[in-house]
Each structure stands twice: as structure tokens, then as C-alpha cells.
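This report describes selected features of one protein structure. Please consult the sequence and the model shown here while reading.

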Amino acid sequence: METATVAVGSAHRKLLAYLSNHDDGHRADVEQLGQELASIHAAQAPPPPGQLRDEEPAGAWAGEARELAYDVEDAVDGLLVAPSPSPGSLLSHPFKELLQRAAELSRSRPLTPDVPTAPPVVDLHREQQLPPDGEAAVVGVDDARDRLIRRLRLRDDSDEAGDPVQVVSVVGSPGLGKTVLAGAAYGALKSRFDSAAFVYVGLDPDVPDVLESALRQLGVDKEADAGEPKDEEQLIGQLRGFLQNKSQENFVAVLDGEQGALPPDVPVRRVSVRGGSKAEDSASLGTLSVHQLRSLSVFSPATAETIDLNRFGFLRVLDLEGCDLSESHLLQKHLGSLIQLRYLGLRETRIVSVPEEIGNLKFLQTLDLDENLRMNDLPASITQLRELMCLRVYWQTRLPSGIGKLTALEELSDATTRDSPELVKELGGLTKLRTLRITLWKPSRHEEEALVQSLRGLRELRTLDVYVAGGDGKETKLDAVREAWAPPPCLREFRARSMNTAWSPLRHLPSWLLADAAAPRLAVLVVQVTELRQRDVDTLGRLPALRVLRLEPDATAESLHVAGGAFPRLTELRLRDADVAPVFRPGAMPRLRRLEVCIRVRRTVDLGNGGFEFGWENLACLEEATVYVGCQEAWETETEAAETALQ
């Protein structure tokens with residue numbers, strides 16, 4: 001029901017926007033259609049307390065409402081594309097048929113019988129701190145709760161102006177009842193959804209714990225994985241899979257030439273093609289009603305070149321990742337006509353260029369061109385995509401001048417300054433950037449200072465990945481980035497690397513890590529440094545949110561140890577190319593699960609650890625350890641002692 005509600009609300013807004021900007025022969029039909037949609041939208045409200053819907057007819061009716069809403073959006077988009085359609089065409093006077101469907105749907109909406117609600121089910125996994133939902137448990141917050149719910153505007157009520165809001169911040173001093181208020185709103189709203197969760201985040205969240213809490217409350221079955229701890233990426237993937245399964249209405253997957261069954265009169269909105277031969281997949285696609293297709297994903301290289309994109313005028317998502325388009329003219333012929341596209345995935349398609357017509361895709365939000373090794377540059381028309389939020393390219397692909405005009409960008413990966421030295425200056429205009437991955441080609445001191453100046457304006461930056469290429473490593477140190485830049489508090493991931501540790505881009509750890517309360521949210525740190533010192537280990541051990549640490553020092557001048565209580569949240573430590581491993585004191589790294597270290601026997605003995613005691617028994621949560629042992633210049637007895645100790 002919730003998916004249909006959102007779809008109807010979106011269609012209603014689009015109709016109102018059309019009316020406010022157009023005065024043509026469709027106005028009367030559009031106004032009446034808007035009234036019918038408003039009626040349908042109101043009928044989708046949850047039943048009052050003490051009553052339940054008959055879910056079977058309500059679900060079928062909601063499905064019809066959702067399809068109607070999609071068709072209304074397509075009709076409006078079609079008129080925006082072709083405002084003067086030819087008589088008899090598919091787009092000529094489209095609203096009369098839609099109006100008739102809406103009127104019939106409005107009259108047939110399911111009634112809500114007076115059925116007592118089922119007794120509450122006790123959730124044994126429910127968080128102990130979760131505020132109770134009962135009215136008796138929360139007193140005096142009704143008005144504030146209702147105001148909060150109105151601000152959310154989840155259902156785009158006709159008396160609420162503006163775009164839908166899905167996030168509202170509740171702020172105030174400790175003890176004012178912010179959590180109680182949020183819990184009361186949650187209790188009032190969760191019945192509108194098929195699934196719901198109330199999770200605590202806080203200033204210093206344990207992200208895996210938060211995700212696991214959400215998954216438990218959503219009812220995701222974890223019995224098969226009982227006792228198996230999962231990292232953050234696994235949990236995110238599990239949550240994404242759950243959410244995708246909740247929203248795949250009218251979805252057809254074509255697998256090895258066979259497709260999922262749908263009635264022939266049901267329009268297909270999403271299609272995924274994978275695994276069949278060219279003839280099988282083409283035949284399967286030919287049986288589908290795809291004129292109003294919104295999403296097409298093709299994972300069958302033999303099929304991609306046979307697709308007639310002219311049939312997909314309303315396509316929003318086109319994903320051809322992995323398809324070999326090196327000999328295909330598919331993009332040159334049709335790409336410019338897909339003006340409704342929001343997502344275009346062309347990763348690893350072996351294309352060598354993108355047509356200039358890509359500039360026609362005014363609504364495009366994501367463009368993924370990564371792993372196309374033979375694509376030398378992008379067309380200048382890319383800079384016309386003012387709605388673009390995510391741009392991914394292969395690191396050797398040259399970006400055109402004017403990339404700074406893409407002010408909606410939130411992700412830019414992997415830009416390069418090779419043949420584009422002015423790129424670092426243009427980055428300063430991309431103030432919404434959250435992810436920046438950039439390759440600096442033989443950077444001069446002037447370029448590095450320009451980069452730092454641009455970085456200072458990127459206050460929303462969550463991920464910064466800098467790779468230094470070219471040069472001999474001696475003149476390409478990122479001293480300005482290390483010394484003169486202070487990241488925003490929201491930075492979660494920082495990487496600075498080069499071809500090898502001998503060309504480490506950083507002499508030492510960044511100076512900003514030494515400041516009090518520095519990098520409060522930094523969770524991932526991957527850097528190459530010229531030298532690793534004990535003071536660096538102590539500094540890193542105080543970072544409150546650090547989870548992944550990968551260090552590649554060119555040299556280690558002293559023995560290292562990790563104090564008890566240091567690295568409270570670290571789950572992964574990799575010390576690559578280091579010649580000594582640290583000694584772990586009791587209580588150090590209490591959550592560490594994966595460890596990778598290098599031990600040079602001769603160096604370890606010289607630094608006074610001839611017993612090769614590293615305190616690994618103090619790592620209570622360790623699950624996986626990889627140890628590289630270098631025996632160069634060591635005596636045979638020393639090597640044998642090291643092997644015995646490590647076993």
C-alpha cells in the first residue's frame with residue numbers, strides 16, 4: 001500500500017506542476033484527473049484504530065492505483081517531450097482514458113469493515129530502550145507528535161505545500177524528551193508501512209550494531225547465519241536486498257531465455273535480462289509490453305546490441321554494465337533520445353567514446369563510465385548535465401573543461417589531472433561533493449596548493465581518495481594536504497596512495513590527526529607514509545570511530561606497541577610492507593577481527609623482540625590473521641625461533 005501511496009502522491013504533484021506551467025487543450029481533463037487522484041490518495045490513508053482492511057482486495061486495488069499513477073506520470077512526461085503530438089498518436093489527448101480509469105478506480109475503492117484489531121504480538125528482539133507505542137505510556141506529547149508527523153508529509157497531503165519530506169531533525173538539550181517524541185511519532189506511523197524499525201544512532205554509532213538492530217526489527221531471517229558476525233558491508237548488502245524485494249512490482253527477469261510470468265495485459269515497469277542467447281533473449285523481450293518500461297538492466301552481452309532503444313521513451317534506468325559495446329552503434333543511434341533517463345550504467349562496456357548527444361539527458365543523475373580502459377576523454381556536452389549527482393570514469397579518462405558547472409555533483413570518481421591541470425581549481429565550485437576520488441599526475445606544489453584551496457570549500461566531503469601517479473616520488477609529496485588542510489567533521493574515509501611505498505605521497509601522518517577531537521567520524525584510513533613512528537600509533541589509537549586501518553610505511557624506525565584501550569572500534573588492521581609488527585597489550589583493539597602484518601626477522605631481533613612475542617592472544621575477537629615473514633640477513637636459528645613462535 002505504501003508504494004502505491006507514494007506513486008499516487010508523486011503523480012498528483014506532477015499534475016499540479018503541469019497545470020501551473022501550461023495552459024492548453026488538456027487543462028480541463030488534467031484538473032478533473034487531479035481531483036480523482038486526490039480522492040484515491042485520501043482513500044489510501046490507514047484505517048482508524050480498531051479497524052482492519054481486508055488486505056486481499058485492498059492490495060489489488062492499490063496495485064491498480066500504482067499503475068494508474070505511473071501512467072499519469074508517463075503522460076505528463078510525454079507531453080513535456082512532445083507538447084504538440086500528431087493526431088491519433090499515443091500521446092494525443094492521453095488524459096481522457098486516464099480520467100476514465102481514475103473515476104472507475106475511485107468508485108471501486110475497498111471499504112474498511114469494522115473488524116477488531118488482532119492482539120499485539122510481543123517482539124522478543126525489540127530493543128530495550130525503544131519507547132513504548134501505547135498512548136498511556138507517552139503523555140503530553142500529542143500536539144508535538146502531530147506537528148512532527150505533519151512536517152514529514154509522507155503522504156503529500158493536499159493541504160501541505162512543497163515537496164515531500166522524509167527526514168526531520170529533532171534538536172534540543174539533553175533530557176527534553178527528543179527520543180520520546182520521535183518514538184511517539186514512530187508508533188503512530190509504523191502501521192502505514194509493511195515494515196518498520198526504530199534504531200538508536202547517537203553521536204558515536206556502532207554502525208554494524210545499528211544495522212543489525214534494524215534488520216532484526218524488520219524481521220529479516222538470520223537463522224542461517226546465527227553466530228556468524230557480519231561486517232558493515234555485508235549488513236548493508238543484506239538491508240539493500242530486503243528493501244529491493246519490497247519494491248520490485250511488475251518486475252520481469254529474463255533468465256536463460258525464460259521469463260517470469262505476468263498477465264499479458266499488465267504493463268511491465270522493470271526488466272532484467274541475463275544469461276540467454278541473443279535469439280532467446282530477443283524473443284523474450286519481444287513478448288513484453290515495454291512501451292512504458294522504466295528500468296532495463298542487461299547482463300547478457302549477446303543481447304545488448306539487439307535492443308531497440310526507440311521503444312523505451314519513458315526509460316529512467318538503463319544499466320548495460322559488462323556488455324561488450326565495442327562494435328555496437330547502440331549509443332550513437334539512440335542515446336540522445338532517452339531524455340527521461342536518471343541512471344545510465346555503462347561500466348566496463350568497452351566503449352571508446354560517448355556521443356555528444358548525451359548532453360540532451362537533462363534529468364540524468366548518475367553516469368557510470370568506469371572500467372572503460374580505451375575511453376580517452378568525455379565530450380564537452382557533459383557539462384550541460386546540471387542535474388548530475390554522480391559521475392564515475394576510468395582514471396585515465398580526461399574530463400572536459402567546465403566540470404565545475406556540475407554543481408549538483410555529490411560523487412566524482414576517478415578524476416585525473418593528466419592533461420587537465422585546471423581540474424583542481426574547478427573542484428572548488430562543487431560544494432555538494434560527498435565523495436571525491438582523484439588521481440594527481442605529477443602534481444606540482446602549485447597544483448597541490450590549488451587542490452587544498454578547493455578542498456577547504458568542500459564541507460560535505462565524506463570520502464577523499466587521492467592517488468599520486470607519475471614522477472619519481474621524491475618531488476610528489478602531499479605536504480600541503482598533510483599540513484595545510486583540515487577536513488570537515490563529517491569526513492569518514494581518507495586514502496592517500498601511490499604506486500609503491502618508496503614513492504609514498506605522505507612523509508608522515510596528516511597533521512590534522514594530531515588535533516584534539518580531530519576526525520570524530522573517520523572510519524577508514526588507508527595511507528602510505530615514508531615512516532611510521534610510535535607517536536603515530538598512539539595518535540591513531542585515539543580516533544573514536546576508526547574501523548579500518550591500512551598503513552604502508554616505507555620504514556619503521558622503532559619498535560611499536562598498541563596500548564590497552566587503544567583503537568576501541570577497529571575491526572581490520574593491515575600493516576603492509578612494514579618490517580616490524582606491533583606488540584598488542586591487554587585490552588588493545590578489543591574488536592579486531594582481521595589482521596595482516598609483515599615481520600622481518602632480522603629487524604625484529606635488532607629491536608629487542610628476539611622472543612617474537614606480539615601479544616596476539618590479547619586480541620579476543622581475532623578471526624583471521626595473515627603474517628608475512630622476511631628471513632633476509634637472519635641467522636638460521638633466529639628464523640627457526642620465529643617460525644616456532646608464530647605457529
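## Lining of the second largest pocket

In this predicted model, the lining of the second largest pocket comprises 22 charged residues, nine nonpolar residues and four polar ones. The lining is made up of 35 residues, and those nearest the centre of the pocket are Glu232, Glu233, Ile236, Arg492 and Val524. The space inside the second largest pocket is about 1,400 Å³.

Which elements each supply at least two residues of this lining? They are the helices α7 (207-218) and α8 (232-246), together with the strands β10 (435-441), β12 (493-497) and β14 (548-556). Helix α8 makes the greatest contribution to the lining of the second largest pocket, namely five residues.

## The largest cavity

The structure contains one cavity of 30 Å³ or more. The volume of the largest cavity is about 70 Å³. Its lining is formed by Leu532, Val537, Leu540, Leu549, Leu551, Leu560, Val562, Phe567, Leu573, Leu575, Pro582 and Met589. By class, the lining of the largest cavity has 12 nonpolar residues, with no polar and no charged ones.

Helix α15 (534-541) and the strands β14 and β16 (572-575) each provide at least two residues to the lining of the largest cavity. Strand β14 likewise supplies at least two residues to the lining of the second largest pocket.

## Backbone features

Phe567 is not a glycine, yet its phi is positive, near 55°. This residue is placed in the loop between β15 (561-562) and β16. Phe567 counts as buried because its relative accessibility is 3%, under the cut-off of 20%.

Met589, also a residue other than glycine, has a positive phi of about 45°. Met589 belongs to the loop between β17 (583-584) and β18 (594-600). With a relative accessibility of 2%, Met589 is classed as buried.

Elsewhere in the chain, the peptide bond between Ser413 and Asp414 is cis, with omega about -5°. Asp414 is part of strand β9, which covers residues 411-416.

## Cysteines and disulfides

A disulfide is a covalent bond between the sulfur atoms of two cysteines. How many disulfides does a search of the whole structure find? The search returns zero.

Is Cys390 buried or exposed? Cys390 has a relative accessible area of 7% and is therefore buried. Cys631, by contrast, is partly exposed, at 33% relative accessibility. The value for Cys631 falls between the limits of 20% and 50% that separate buried from exposed residues.

## The chain as a whole

The protein chain has 17 helices and 19 strands. Of its 647 residues, 46% are buried. The accessible surface of the protein chain amounts to about 32,200 Å², and carbon and sulfur atoms account for 49% of this area.

Contacts between residues at least 6 apart in sequence were also examined across the protein chain. Of these contacts, 58% link residues that are at least 24 apart.

Methods
Residues numbered from 1 in each chain as written. Predicted model: local features only at pLDDT ≥ 70, side-chain atom pairs only at ≥ 80, totals over all residues. Heavy atoms only, no water. 1 Å grid on protein atoms, 1.4 Å probe; cavity = no way out; pocket = protein on both sides within 12 Å on 5 of 7 lines; lining within 4 Å. Points joined across faces, edges and corners; volume = space filled by probe spheres on them. Helix = DSSP H or I, 4+ residues; strand = E, 2+ residues; numbered from the N terminus. Nonpolar A, V, L, I, M, F, W, Y, C, P; charged D, E, K, R; others polar. Disulfide = S-S within 2.5 Å. Buried < 20%, exposed > 50% of the residue type's maximum accessible area, 1.4 Å probe, protein only. Contact = heavy atoms within 4.5 Å. Areas by Shrake-Rupley, 256 points an atom, 1.4 Å probe, with all protein chains shown as cover.
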